[in-house]
Amino acid sequence: MSKTLRLILGDQLNSQHSWYKTIDDSVTYVLMEIRTETDYAQHHIQKVVGIFAAMQSFATTLKSEKHQVEYIKLNDENNFQSFEKNIESLISKNNFTHFEYQLPDEYRVDLMLKNLCNSISISSNAVDSEHFFTSRNELGNFFEGKKTFLLESFYRAMRKKHNVLMEGDKPLTGQWNYDGENRKKLPKNHKPILPLVFDNDVSGVLEEIIKTDINTIGTIDAENFVWPINREQSLQLLDFFATECLHLFGSYQDAMTPNEWSLYHSRISFSMNIKMISPQEVIARVTEEWEKRQNEIEYNQLEGFVRQIIGWREYMRGIYWLKMPEYATMNYFNNQEKLPDWFWTGKTKMTCMKDAIDQSLKYAYAHHIQRLMITGNFALLAGIHPDEIDAWYLGIYIDAFEWVEITNTRGMSQFADGGIVGTKPYVSSATYIDKMSHYCGSCFYKKALKVGEKSCPFNSLYWNFFDQHQEKLRSNFRLKMMYSIWDKMDPMQKENILIQADHYLSNVENL
Ligand SMILES: Cc1cc2nc3c(=O)[nH]c(=O)nc-3n(C[C@H](O)[C@H](O)[C@H](O)COP(=O)(O)OP(=O)(O)OC[C@H]3O[C@@H](n4cnc5c(N)ncnc54)[C@H](O)[C@@H]3O)c2cc1C
Ligand code: SF4
């Protein structure tokens with residue numbers, strides 16, 4: 001009799017997958033909590049707990065639908081703590097005759113599963129995870145023969161192909177991109193909506209983790225775990241976003257303010273990345289909401305959001321599969337410094353950095369501009385090695401999986417890929433941070449000062465960055481204006497700025 005073993009990875013909790021359409025007693029699904037996955041990075045405790053809780057909930061649902069499920073818990077005696085060993089053991093114990101898996105999103109896991117399939121004695125095959133709009137190679141094919149990989153052209157092609165916000169062959173409203181109308185600062189007395197949070201009791205999952213010596217970061221309230229751990233909660237969060245946040249999403253997508261951790265962002269990246277919900281249903285839900293409330297939800301809010309999902313998210317996945325494994329070694333500026341210890345504690349006098357790090361430790365979440373223009377910006381200006389920065393981002397965020405973390409971190413944020421993802425490095429002085437946030441007023445440092453004991457570190461480090469990397473950056477058309485300002489600056493002032501930057505870089509642990 002043929003018996004099939006199907007592996008479900010922790011980020012493949014897609015209950016809508018065609019695998020589950022038929023109940024078949026000859027098919028067993030296996031999910032496993034293993035040390036190779038808890039230990040490949042130092043993860044935030046909420047990330048480990050969140051994934052395990054969601055896996056357990058998924059397994060319970062499958063069982064209730066009468067699927068055959070094998071769930072290997074972290075501290076089970078029969079847990080060999082690796083995919084390969086657990087699978088080999090299951091095959092030999094249960095006489096499986098065939099092994100199947102869904103294509104993983106990570107290069108490392110892809111390689112491991114291919115090797116495993118070559119080494120086992122039974123037949124095997126891989127199927128699509130039925131989640132993304134694009135296949136792994138679609139972006140590579142789209143840009144074949146091109147030297148640049150412009151998000152905008154990929155995004156437009158995706159809109160056309162999937163008929164999203166289109167009127168025939170033309171973009172709805174006649175315009176593709178409404179970026180110019182978005183990105184406002186929050187008005188001073190504006191009170192953002194309170195985020196929808198859950199109160200999941202995940203203390204049982206946490207207890208099992210505490211029994212081990214898994215090294216994690218951050219804090220957790222395990223009796224009131226705020227993140228969704230099943231499809232129902234994920235859909236609830238999506239609904240909350242569509243009804244309560246979408247109307248201001250674009251306007252305030254780049255805004256930052258102390259002690260407000262989510263503003264009008266959707267916080268659905270965790271649910272999507274572990275596939276509890278799909279990008280197709282996200283697009284459908286927000287479009288439906290806009291269609292119902294066109295008099296309340298401006299089109300630019302919707303378009304800005306759709307671009308993140310069908311544009312950026314798919315684009316990053318495509319770049320990952322096109323450029324791995326080389327991508328993980330890229331270091332265009334040859335940066336070599338270590339990440340300051342306060343990235344792990346939040347103990348810095350820089351209000352913007354403290355706020356972004358504190359909330360990351362507390363919620364395993366920061367929104368895009370905090371990641372890009374606060375922590376990422378500082379790390380690039382300080383010349384930190386991209387490996388160090390990747391390790392931090394891969395660990396600290398609940399939504400961090402290598403395919404979307406490394407392309408954003410090494411690529412978009414650190415320009416370590418030399419311009420594959422971004423056309424210029426995302427760096428800024430205090431001017432941008434102050435323009436988009438309410439941080440500077442309460443900071444120990446002074447946003448207007450470039451030199452002196454209280455000068456904002458972002459200011460001198462910013463000019464130091466352009467000075468240091470002239471050879472690589474001066475010819476970049478988008479940086480022409482910066483170099484023209486730098487060239488015209490009084491030589492004495494330039495020297496003082498560089499001395500100040502040098503002082504800060506030598507004392508980076510004390511900032
Ligand atoms: C340095 C750095 C590291 C990042 N690491 C990750 C990561 O590990 N995992 C991750 O999912 N995102 C990552 N991002 C992208 C983005 O910051 C997060 O997707 C977003 O903050 C998640 O919060 P949200 O769901 O509230 O997003 P929203 O602001 O509500 O946006 C909606 C959705 O759009 C998608 N999206 C938006 N921007 C991007 C982007 N640049 N790349 C891919 N998808 C995007 C996400 O799925 C997100 O859920 C990173 C960005 C930077 C600058
Ligand atoms: S003054 Fe500088 S360090 Fe302080 S909050 Fe503003 S940008 Fe950040």
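Q: What do the side chains of Glu-289 and Lys-292 meet in?
A: A salt bridge, at 3.6 Å from N to O. The term stands for a side-chain nitrogen of Lys or Arg within 4 Å of a carboxyl oxygen of Asp or Glu. This is a predicted model, where local features need pLDDT of at least 70, side-chain atom pairs count only at pLDDT 80 or more, and totals for chains, interfaces and linings use all residues. Residues are numbered from 1 along each chain as its sequence is written, chains are lettered from A and ligands numbered from 1 in the order in which they are written, and side-chain values use heavy atoms, with hydrogens and water left out.

Q: Why are Glu-289 and Lys-292 separated by about one helical turn?
A: Because they are three residues apart in helix H10. Helices here are DSSP runs (H or I, at least four residues), as are strands (E, at least two), numbered from the N terminus.

Q: Glu-289 first: buried or exposed?
A: Buried, at 2% relative accessibility. Lys-292, on the other hand, is exposed, with a relative accessible area of 57%. The cut-offs are under 20% relative accessible area for buried, over 50% for exposed, and partly exposed in between, using a 1.4 Å probe and protein chains only.

Q: What about Asp-239, what does it form with Arg-285?
A: Another salt bridge, with the closest N and O atoms 2.7 Å apart. Asp-239 lies in helix H8 (residues 231-249) and Arg-285 in helix H10 (residues 279-292), so the bridge ties together parts that are 46 residues apart in sequence. Asp-239 is partly exposed, its relative accessible area being 36%, while Arg-285 is buried at 14%.

Q: How many salt bridges does the structure hold?
A: There are 32. One more to look at is Glu-138 with Lys-161, whose side chains meet at 2.8 Å, N to O. That pair links distant parts of the chain, 23 residues apart: Glu-138 is in helix H5 (residues 138-142) and Lys-161 in helix H6 (residues 151-161). Glu-138 counts as buried at 18% relative accessibility, and Lys-161 counts as exposed at 52%.

Q: Nice. Switching to the spaces, how many cavities of 30 Å³ or more are there?
A: Three. On a 1 Å grid over the protein atoms alone, a cavity is a set of points where a 1.4 Å probe fits but cannot get out; a pocket is an open set with protein on both sides within 12 Å along at least five of seven lines, and lining residues have an atom within 4 Å of a point.

Q: How much space lies in the largest cavity?
A: About 310 Å³, where a volume is the space filled by probe spheres set on the points, and grid points are joined across faces, edges and corners. It is lined by 21 residues, and those closest to its centre are Gly-10, Glu-37, Tyr-40, Ile-51 and Phe-401.

Q: Which helix supplies the largest share of that lining?
A: H2, with five residues. Helix H1 (35-39) and helix H2 (45-64) each supply at least two. By class, the lining of the largest cavity has 12 nonpolar, three polar and six charged residues. Nonpolar covers Ala, Val, Leu, Ile, Met, Phe, Trp, Tyr, Cys and Pro, charged covers Asp, Glu, Lys and Arg, and the others, Gly among them, are polar.

Q: And what is the volume of the second largest cavity?
A: About 90 Å³. Of its 13 lining residues, Cys-352, Cys-440, Cys-443, Cys-456 and Phe-458 are the closest to its centre.

Q: Where does ligand 2 sit?
A: The space it takes is that second largest cavity, the rule being that more than half of a molecule's atoms lie within 2 Å of the grid points. Residues around ligand 2, with a heavy atom within 4 Å of it, include Met-350, Ala-430, Ile-433, Tyr-439 and Lys-447. The shell around ligand 2 divides into 10 nonpolar, no polar and one charged.
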